[in-house]
Every structure is written in structure tokens, then in C-alpha cells.
Amino acid sequence: MDFESRREDIVQRCQLGQRAAFKELFEMYQPRLKYYVRRLDNNGVNLDDILQDVWLTVIKKIPKLKSPKSFAVWLYRIARNKVYDGFRRKERFARLPEDDEIPVSGGDEPVFDASDAEKLHQTLKELKPCHREVLALCFMEQMSYQAIAEVVGCNIGTVRSRIFYAKQALRKEMDRHNG
């Protein structure tokens, strides 16, 4: 059974109230979700609280999820909302800019290897939250631009633009750290 089919089966069993299925879903997504939330909230002080709130919401609302296929987008949308709710409570919330659509760049993408991983993670912390978010969803979660647009609540052109600018900012910061 492929990943998508397995996930749909687990989500359907969760919707029927099977605890073992929820545990499987938690184990499948918790590490990835933790990484995503950490990228959105750089200080990570409330990381465990946010994750707990996310999973409590999932437990309460998963029976109402219309399509098990949309679980990942739904989950990351909940996580995003919890992080930004925390920012609002702390009066640290900054509205994400609506960038104009920028054409996707050609073949001038940087090449990173495993030795650059630590620098990359450190550099990600220095990027704007909206840039960290789209990079994490695109490259770590391998979501489509449409799915990212649904998670962040903007149009697909804005997603393309944010990814374009995020790559530029990442490249600039990596160059600054390397040279």
C-alpha cells in the first residue's frame, strides 16, 4: 500500500474513533509537524504547547473532515493557525506580504550537500517567517503549490512569488555565511 492510500485508511479509521489509528497518524506526522512549527516560530519556546493544541484540535475535528485525501493540508493549516494565534496573543503578529507573481527562475539553483545541512538550518532561522514557511512546505513536506496556497491562505501566484524570493534570500544568506 502506498503512502497516500495508507494515510487515507488511517484517517478514515480515526474518523471512526479508533485510538490505534490516531496513534499511527501521530507517529507519521509528529516529527514533520514539529519541524514545520519550529520553522514558523523561530524561538520555539511554545513548541510543545502548540503541537499539543494542534493534535487536540485534530482529535476533536477529524470526524468532520470531508475528505481523507486533504488531511495533510488540513493538518498544516491548523498548525499554521495555532502558531499565528500565539503571535497575536503576544502582539508579535506580522501580516504576511502579498507579493506579486514572479516567474520561476531557470537553472541557477544552488546545490547543497549534507555538510551544508547545519548551515542551512541556521540560515533558515534568519529568513522572514513567510519565506521559512513556504520553503518548509515545498521542500520538506513536498507539497504542491496548490496545497501550499491552501495551507497559507493565498493564491498560487503568491506562493510562487514567495518561493522565488525565499530561494533568493536563502541563497544570499548562505553566501554571506560562506564568504
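## R39 and its surroundings

Leaving aside neighbours within four places in sequence, R39 is in contact with H121, L124, K125, R132 and A136. Contact here means heavy atoms within 4.5 Å. R39 lies in helix α2. With a relative accessible area of 6%, R39 is buried. The burial classes are: buried under 20% relative accessible area, exposed over 50%, partly exposed in between, with a 1.4 Å probe and protein chains only.

## Model and conventions

This is a predicted model, in which local features need pLDDT of at least 70, side-chain atom pairs count only at pLDDT 80 or more, and totals for chains, interfaces and linings use all residues. Residues are numbered from 1 along each chain as its sequence is written, and side-chain values use heavy atoms, with hydrogens and water left out.

## Overall make-up

The chain has 8 helices and 0 strands. Its pattern along the sequence is α-α-α-α-α-α-α-α. Helices (H or I, at least four residues) and strands (E, at least two) are DSSP runs, numbered from the N terminus.

Of the 179 residues in the chain, 41% are buried. Take the contacts between residues at least 6 apart in sequence: 69% of them join residues at least 24 apart.

## Helix α2 against α6

How do α2 and α6 pack? The angle is about 160 degrees, and the axes are 8 Å apart. Axes are lines fitted to C-alpha atoms, for helices over the stretch in contact; angles run from 0 to 180 degrees between N-to-C directions. The two helices are therefore roughly antiparallel to each other. The angle classes are: under 35 degrees roughly parallel, over 145 roughly antiparallel, 65 to 115 roughly perpendicular, and the rest oblique. The crossing of α2 past α6 is right-handed. A crossing is right-handed if the near helix is turned clockwise from the far one by less than a right angle, and left-handed if anticlockwise.

On the α2 side, Y35, Y36, R39 and L40 take part; they meet P129, R132, E133, A136, L137 and M140 in α6. By class, this contact has 7 nonpolar, no polar and 3 charged residues. Ala, Val, Leu, Ile, Met, Phe, Trp, Tyr, Cys and Pro count as nonpolar, Asp, Glu, Lys and Arg as charged, and the others, Gly among them, as polar.

## Helix α2 against α3

Helix α2 spans residues 19–40 and helix α3 residues 47–61; their axes come within 11 Å and cross at roughly 140 degrees. α2 and α3 are therefore oblique to each other. Their crossing is right-handed. From α2, the contact draws on F22, L25, F26, Y29, Q30, L33, K34, V37 and R38; from α3, on L47, I50, L51, V54, W55, V58 and I59. These residues divide into 13 nonpolar, 1 polar and 2 charged.

K23 also sits in helix α2. K23 is exposed, at a relative accessible area of 53%. K23 and I10 are 13 residues apart in sequence, and their C-alpha atoms are 9.5 Å apart in space.

## Helix α6 against α7

The axes of helix α6 (residues 129–140) and helix α7 (residues 145–152) come within 10 Å and cross at roughly 140 degrees. α6 and α7 are therefore oblique to each other. α6 passes α7 in a right-handed crossing. E133, V134, L137 and C138 of α6 make the contact with Y145, I148, V151 and V152 of α7. The count by class is 7 nonpolar, no polar and 1 charged.

Q142 lies in the loop between α6 and α7. Its phi is near 55 degrees, a positive value in a residue other than glycine. Q142 counts as exposed, at 66% relative accessibility.

## Cysteines

How many disulfides does the structure hold? There are 0. A disulfide is a pair of cysteine sulfur atoms within 2.5 Å. The cysteine sulfur closest to that of C154 is in C130, 9.7 Å away, too far for a bond. C154 is buried, with a relative accessible area of 13%. C138 is buried, with a relative accessible area of 13%.

## K119 in helix α5

K119 is placed in helix α5, residues 117–124. K119 is partly exposed, at a relative accessible area of 38%. Not counting residues up to four places away in sequence, K119 touches M174 and N178. K119 and M174 are 55 residues apart in sequence, yet 7.5 Å apart in space, C-alpha to C-alpha.
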